Amino acid sequence: MRKKLLSWLLVLALLTLCTTGCNGQTPAEISEPDGSVGDSQQLERYNAPIEDITILSITFMTASSPSGTDNSAESDETTSSSGTTPANLLQLAQPPAGSQLMLMKTSMGDITFMLFSDEVPKAVENFVLLAKAGYYDGQNFYRVVKELMILGGDPLGNGHGGQSAWGGYFPGEASPKLWCFSGALAYANGGRDEGGAFRNGSQFFIVEGTSPDELSTMTARQAMVKWGMAEDSANVYAQQLFGPNATTASVQSLLEAWGFPEEVAKAYISMGGYPLFDINSRRGMVDKNYTVFGQVVEGMDVVHAIAAVETQTVRYEYSPAHPEDSAKNTAPVSTPESTSSSASSELSQASSSSASAEEPSSAPPESVESLPPSSQDATSQDEEVLTL
């Protein structure tokens with residue numbers, strides 16, 4: 001009976017956290033406003049940066065072994081900047097030799113990511129196809145929330161745009177080795193498809209989340225309040241979970257009570273992040289709401305700077321049938337959905353065909369006036385070797 005009561009309390013607590021705590025800030029779903037096609041609607045976009053923060057270019061590299069590190073031997077543990085970590089938490093480790101890296105140049109600085117094509121091949125393939133076609137060049141981060149995330153990848157810049165490299169959505173992928181730690185690169189989604197999988201397109205976000213310093217020093221009750229629960233409710237919930245230890249229980253204890261594996265809870269404390277992104281509040285359980293497909297390995301200071309910019313609420317008119325919006329929203333890569341094994345040849349074909357096209361969809365969608373389309377053919381962007 002007590003276990004069932006705690007389960008119901010967990011659901012209620014998470015619903016409270018995700019509705020009041022997120023304040024609509026979660027990148028949970030790509031907005032799809034009601035109304036018939038062609039209806040024009042006055043909408044509001046929250047947390048819009050007051051200045052343009054633009055993606056200038058995206059290129060790809062291959063990682064080499066860090067100096068003095070031998071990546072050839074397999075092990076149950078890998079070495080990270082914070083010590084020895086479980087091998088099944090890929091984001092904590094240094095990029096192994098031969099892994100794919102991505103350099104995103106922005107108007108506020110450079111961010112380098114490690115990509116996880118072995119774990120989520122379709123997610124990585126989609127992003128690479130779009131990036132090599134120049135789809136993201138000139139787009140802005142259109143929504144930023146300090147201590148939560150920065151959101152981009154929408155050619156319309158209002159949360160209603162974007163498609164996958166194959167047009168429309170593609171099913172999300174979930175991996176127990178990838179979580180919404182600070183620096184995680186993940187897709188926003190358009191809700192679930194008929195099979196229950198999340199629908200991903202082009203929109204993505206980078207997690208800032210709560211810092212390791214805060215997570216390691218605050219109590220479970222303080223964390224719940226920080227994430228939006230009323231103090232009285234947090235006190236009651238902590239008492240039900242931890243009894244006499246309600247005022248001293250750690251955030252790690254809270255995450256484990258919510259169903260996170262111990263090693264994942266520890267990783268959240270050491271790396272920072274936003275655990276609620278990995279929880280289905282309505283089911284009261286850990287769930288992979290978002291497809292994580294990359295991790296920042298250099299440039300987290302740039303992510304922090306972007307997340308801290310001043311924001312405003314913007315009113316705008318949206319019509320799903322507007323010709324200009326429809327053209328911008330078209331996927332620039334016209335290739336059939338492929339298997340990961342054929343990704344290399346399709347990347348080359350897609351990049352070559354899009355480089356010479358002058359369609360609006362292959363030009364930088366939202367900043368055509370300020371930035372020219374990328375003139376560098378993606379097929380000439382040889383992968384570089386980068387030592388981290």
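# Exercises on burial, strand pairing and salt bridges

Among contacts in the protein chain (heavy atoms within 4.5 Å) between residues at least 6 apart in sequence, 77% join residues at least 24 apart. The model is predicted, and local features need pLDDT of at least 70 while side-chain atom pairs count only at pLDDT 80 or more, whereas totals for chains, interfaces and linings use all residues. Residues are numbered from 1 along each chain as its sequence is written, and side-chain values use heavy atoms, with hydrogens and water left out.

## Exercise 1. The buried side of helix 8

Determine which residues of helix 8 are buried, and state which strands they pack against.

*Step 1.* The protein chain has 10 helices and 16 strands, where helices (H or I, at least four residues) and strands (E, at least two) are DSSP runs numbered from the N terminus. Of its 388 residues, 51% count as buried; buried means under 20% relative accessible area, exposed over 50% and partly exposed in between, with a 1.4 Å probe and protein chains only.

*Step 2.* Helix 8 spans residues 300–307, and its buried residues are Val-302, Val-303, Ile-306 and Ala-307. They cover an arc of only 135 degrees around the axis, which puts them on the same side of helix 8; the arc is that of the directions from the helix axis to the C-beta atoms. An α-helix has 3.6 residues a turn, so residues three or four places apart point the same way.

*Step 3.* The packing partners of these buried residues are strand 5 (100–106), strand 6 (109–115), strand 7 (143–145), strand 8 (149–152), strand 11 (198–207) and strand 14 (292–298).

## Exercise 2. The largest nonpolar core

Find which residues touch the most other members of the largest nonpolar core, and describe where Trp-258 lies.

*Step 1.* A nonpolar core is a set of buried Ala, Val, Leu, Ile, Met, Phe, Trp, Tyr and Cys residues joined through side-chain atoms within 4.5 Å. The largest one has 90 residues, of which Ile-206, Leu-254 and Trp-258 touch the most other members. Helix 2 (residues 121–132) gives the most to this core, namely seven residues.

*Step 2.* Leaving aside residues up to four places away in sequence, Ile-206 touches a set of residues that includes Ile-111, Phe-113, Met-149, Val-296 and Val-303.

*Step 3.* Trp-258 is found in the loop between helix 6 (251–257) and helix 7 (262–271), and at 3% relative accessibility it counts as buried. Its C-alpha atom is separated by 10.0 Å from that of Leu-276, which is 18 residues apart along the chain.

## Exercise 3. Strand 6 and its partners

Work out how strand 6 is joined to strand 5 and to strand 14.

*Step 1.* Strand 6 is mostly covered, since five of its seven residues are buried.

*Step 2.* Two strands pair if DSSP finds at least two bridges between them. Strand 5 and strand 6 run antiparallel and are joined by six bridges, and the hairpin between them passes through two residues. Within this pairing, Leu-101 has Met-114 in strand 6 as its bridge partner.

*Step 3.* Strand 6 and strand 14 also run antiparallel, with four bridges joining them, and Thr-112 stands opposite Glu-298 in strand 14.

## Exercise 4. Salt bridges and a buried glutamine

Trace which residues meet in a salt bridge with Lys-177 and with Lys-226, and then say what the side chain of Gln-203 reaches.

*Step 1.* The structure holds eight salt bridges, each being a side-chain nitrogen of Lys or Arg within 4 Å of a carboxyl oxygen of Asp or Glu. One of them joins Lys-105 to Asp-110, with the closest N and O atoms 3.0 Å apart.

*Step 2.* Lys-177 forms a salt bridge with Glu-119, the closest N and O atoms being 3.5 Å apart. Lys-177 lies in the loop between strand 9 (170–171) and strand 10 (184–192) and Glu-119 in the loop between strand 6 and helix 2, so the pair ties together parts that are 58 residues apart in sequence.

*Step 3.* Glu-147 and Lys-226 meet through their side chains at 2.7 Å, N to O. This pair links distant parts of the chain, with Glu-147 in the loop between strand 7 and strand 8 and Lys-226 in helix 4 (residues 220–226), 79 residues apart. Together with Glu-214, they are linked in a network of salt bridges.

*Step 4.* Gln-203 has its place in strand 11 and counts as buried at 1% relative accessibility. Its side chain reaches the backbone oxygen of Gly-161 at 3.0 Å.

Note on methods
Polar contact = N/O pair within 3.5 Å; in protein donor to acceptor, adjacent residues only side chain to side chain.
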